[in-house]
Amino acid sequence: MKVIHLTPHLGGGVGRALSGLLQPSEHHVEHVFVCLEQAEKDHFIKLIIASGHQVIVEPDEQQLKHLITEADIVQLEWWRHPKTISALLKCCHLPMRLVVWCHVSGLYNEIIPEALVEISSRFIMTSACTYQTESIQSLLEVNNKKLAVIHSNNGLEHWPISAACHPQKNLSVGYLGSFNFAKLHPDYIYYLAKVELTPFTVTMIGDDFNADTLMAQAKRLGRTDLLMFTGYIHDVAKSLDKINVLAYLQNPRHYGTNENALLEAMAMGIVPVVLNNPAECEIVEHGKTGLVVNDQASFAEAILWLHQHPQQRTEMGGNASAFVR
C-alpha cells in the first residue's frame, strides 16, 4: 500500500509527528512525503530519509497530480497554509482516498472548511476540542463515522523523567514552544511579573522569534532577570531536564490542538500550569496532572503553591507523566 503524506513542510510539530509514524509494520506500507515548500529546518527531513523513505520537495503540478493518482491513500496535513490551499484547488477533482489530519482546532481564526470535511474519507482531529466547531457539529448529525481523534505526538513513553523533578530540587520554571503571540499569550510577561518570588527566572526554550519583544517588555517592568533564552534546540529532553514546572500560557484564541510541547514536558514529569483554553483543558486535569488558572492572580498563586509544596509538585508531575505515556 502506498501512502502519500501531503504537507506544507516537515518543520516543527508536523515534522515530529510524521517522522514518528515510520515504525516497523507488518502491513508493508510505502510512505512518500510530499512537501509543498522548502523547510527552514531540515532535521526531520533527514530523519525520514535516513529511515529509507522518500521526501519530495516542491513538486510541479504535473508531478503532484501523478503522485496523488498513483497513491492508495493521500494523507493531508491540514492547517490554513497558502501552499496547501493552492494544491487542493489544482487537485481536488482527482479521485483519491483522502484522509485529513487536522492540526488546528477550528475554534477561532483557523476555520475548518466544511467542504474539506465533506470530501474526506476520514477526518482526523488532533484534539477533542474540535468537536465544538460548527463544521464538525453539522457532520455529527449526518456521518460521524468518518471522525476520530488521534493525537499527533508519539514516542514519549521512552523519554526520561526530568532530573529537576525530585522533591528536594528547588522550583525551576520554563516555557517550551512558539514565542509568536498567535500562540503565546500576549501578556505572558505580565503574568510572570505577578509571581512574588525572588529570584524568579523562566527558561524560554524555542526559536528566538519575538525574543527581543519579550525582553523589551521585561525591561519596561524593571525585570531584566525574568527571562533566560536558550534558542532553538533539537534535543528538547535535554533542555527540559533542568525544569520542573512549565508556565504554558497560550493566547486564549490560539489555533493549536495537540500541544506537542505541553505533552513532552508532562511526559518528563514536569507540572504544567495552563490557562483554561479548550485545547489545554482536554489535556490537563486541574489538581491531578497540572494546574489550570484563569488570570494573572491565580497564575501567581499556582506558582507560589508549587514552590511551597515540592512533594505535591513531584506527585502531580508523576501523574502527568503516567497520563501522557
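**A tour from helix H8 to the cysteines**

Select Gly222 to begin: this residue follows H8 and has a positive phi, near 70°. The model is predicted, so to speak of local features requires pLDDT of at least 70 and side-chain atom pairs count only at pLDDT 80 or more, while totals for chains, interfaces and linings use all residues. Numbering runs from 1 along each chain as its sequence is written, and side-chain values use heavy atoms, without hydrogens and water.

Next, select H8, residues 211–220; helices (H or I, at least four residues) and strands (E, at least two) are DSSP runs numbered from the N terminus. Its buried residues are Ala211, Leu214, Gln217 and Ala218, where buried means under 20% relative accessible area, exposed over 50% and partly exposed in between (1.4 Å probe, protein chains only). On the face turned away are the exposed Asp212, Lys219 and Arg220.

Move to H12 (residues 296–308) and H13 (residues 310–324), which pack at about 105° with axes 5 Å apart. Axes are lines fitted to C-alpha atoms, for helices over the stretch in contact, and angles run from 0 to 180 degrees between N-to-C directions. In contact (heavy atoms within 4.5 Å) are Trp305, Leu306, His307 and Gln308 of H12 with Pro310, Gln312, Arg313 and Met316 of H13.

Finish at Cys102, which is buried at 1% relative accessible area.
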